Amino acid sequence: MCLQSLTLLIIFTLFYSHAFALKKSYIVYLGSHAHPFTLLSQAHLDRVAHSHRTFLASFLGSHQSAEDAIFYSYKRHINGFAAVLDDKKASEIAKHPNVASIFLNKGRKLHTTHSWDFMLLEKHGVVHKSSLWKKARFGEDTIIANLDTGVWPESKSFSDEGYGDVPARWKGSCHGDVPCNRKLIGAKYFNKGYLAYAKFPSNSTFETPRDLDGHGTHTLSTAGGNFVPGANVFGLGNGTASGGSPKARVASYKVCWPPFKGAECFDADILAAIDAAIGDGVDVISASVGGDAGDYMNDGLSIGSFVAVKNGVTVVCSAGNSGPKPGTVSNVAPWIITVGASSMDREFQAFVELSNGSRFEGTSLSTPLPENKMYDLISAADGKAANASALQALLCKKDSLDPEKVKGKIVVCLRGDNARVDKGQQAATAGAVGMILCNDKASGNEIISDAHVLPASQINYKDGEAVFSYLNSTKDPKGYITAPNTQLHTKPAPFMASFSSRGPNTITPGILKPDITAPGVNVVAAYTEATGPTDIESDNRRTPFNVESGTSMSCPHISGIVGLLKTLRPQWSPAAIRSAIMTTSRTRDNTRKPMVDATFHKATPFGYGAGHVQPNKASHPGLVYDLNTGDYLDFLCAIGYENKVVQLFADDPLYTCREGANLLDFNYPSITVPKLTDSVTITRKLTNVGPPSTYRSYFHAPLGVEVSVEPKQLTFSKVGEEKMFQMTIGATSEKALGYVFGELTWTDSKYYVRTPIVVQLSS
């Protein structure tokens, strides 16, 4: 080839590569399908896909170009497609009247701290104390779907021993390398959105619904794992493990993959999984994933969840792990049940003892020290390598510790920035015999049990300060870490985890999020045996059960409870189920005092929503705040979406936004008034789901707020009867600025229907 031709080829290649690089993966949402019949033939689905190609071809110039660009056609319940496009074409498509929205195929994170600084309901877990299990036959009529990293089918949590035939309504299946049984009835994977974003070629790593990470197995077993006697993590926490709905059928929809640029789960794959799950016949979708909260129409999980709820499927999502910073809560769409994370009354205690006689309670799942003696202690900052800063060393970052300084000693590290288990790995690599991990101030009293690679214990902020003070006060500091043990009935519990994302809701401040909190700290559940419990490459240990923390863990607790309620109350809507869970929750801990956060200051609804879940009471709430699809459409109209966009959501070209739709009257089981400057009146509707009775209203008004309720009592004569009430809220003359909290309770002395009140006082 001549030099001139080679030069032209190089220029063309560079131009083509640059042009391709400018293209991005987009999702084009056209609304929901209104299919003319229930059983969809392949020919009908092919026609839907053809219509998507024809639509895109009108912008790209040919059917072939459209076919090359589209990598997903959403054909069953969600109407739309995902395609690789340049920004100009995306802008043109956005203007088409049949397009509800077009948005980038965004990436999300798993909402677990894993062992990386981020509970299976066991013998002492939240549901096992409840008679709801037996009432609901352990959730045996329910099908729970999990959107996550896949499933480890060999886990005993997915044994089908004692199960009957798979429900005839089930239309799902399992991929070849994950065998189905009568318990685990579905396993599929969705990777095209991930691969389109990362521009990776596919290979066997991306073509399996097997869980190679552990997160998916952990969350799915928490929601619906079968009974497993003798479950433990390296001998700790021994007991009978089970999920919230232990006899439910479960299905895994793998949408999360190895992190790429900080993201693991992509909207295009999430939409494809939800579309499949609805069509397969699931009752509950549990999604322990999320990202920054955003516009409802530009959020794949929000759109997919709307379609699922419209089809009677309850969707439960994690609130996020970006706490305790305010305004960090994600998955805030009002049709989703959004779950925060709190502790429970079981700890894996490993005490730190100092030679001065001090003793501090910590937590760990690690092996004990080799000898029962005092070891030399060293602050990680004092053990820093020559090329590392004191802060890098204090955080025990990679290559920050000097082996000559720390060998044979217990190293004291500070929590934050890098992974907790990685700190232990760095200490072990440098030759340390053990590690004391001290909380930073933000983490407070939240200590997390990890299966560290060396003997270790994590202690709270105050005790960590005492350890560092001791190190600075003596020339020969020594200490010891006791072997971990399981301690039950600890107090106070529950309290809010510091990592649990907080309100206020930044997208729609008039809706309180999260909705509820559930156990999400130090949760024991099934685990993959494809990797070690720390997910560190050199960790060759394997365990069928592991401890993890995060709102990823609290989300499936609620999903399991939803499964029980679905079995017990099949006629209830997803909104009625959420209302029952919220209005029967508690806001006091096991010391009978108000719940606190990780710093042991009083927690608020921005952390726990309505409160900590009480499953047994949720089965008999007395009254519920119900919502249907029309109410959600009114919500979209009330917050400002154009009528033509809401029409596409409604599947009705004649739909018109109801005049006077008001967010204050949206029948949510919490009452939130942002920027209150004057008096407002709020309307709510209660539906009776209990025996005939008369309920009276009682309220605790937020500080600086006047509250009145009319009528003051409601009489219900039959199940399904609806009654309206109005609450008027106004600021007092001596109001304080900022958010204040109260609650409204309707009670007949047997049932207590409690609703949080959140008011932002504004000048």
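This is a predicted model: local features need pLDDT of at least 70, side-chain atom pairs count only at pLDDT 80 or more; totals for chains, interfaces and linings use all residues.
Student: At which positions does the record place the feature "active site"?

Tutor: The annotation comes from an unreviewed UniProt entry, and histidine 215 and serine 552 are both included in it, together with an aspartate. Although the annotated residues are spread over 405 residues of sequence, they cluster in space, with a largest C-alpha distance of 9.7 Å. The positions named in the record are Asp148, His215 and Ser552.

Student: Is histidine 215 buried or exposed?

Tutor: Histidine 215 lies in helix H7, which covers residues 215–224, and among the residues it touches, leaving aside those up to four places away in sequence, are Asp148, Glu548 and Ser552. Its relative accessibility is 0%, and because buried means under 20% relative accessible area, histidine 215 counts as buried.

Student: What is the relative accessible area of serine 552?

Tutor: Serine 552 is placed in helix H14, made up of residues 551–568. Apart from residues up to four places away in sequence, serine 552 touches several others, including Leu110, Thr219 and Ser318. Serine 552 is buried, and its relative accessible area is 0%.

Note on methods. Residues are numbered from 1 along each chain as its sequence is written. Side-chain values use heavy atoms; hydrogens and water are left out. UniProt positions are given in the numbering used here, feature names are shortened, and annotations may be inferred rather than shown by experiment. Helices (H or I, at least four residues) and strands (E, at least two) are DSSP runs, numbered from the N terminus. Buried means under 20% relative accessible area, exposed over 50%, partly exposed in between (1.4 Å probe, protein chains only). Contact means heavy atoms within 4.5 Å.
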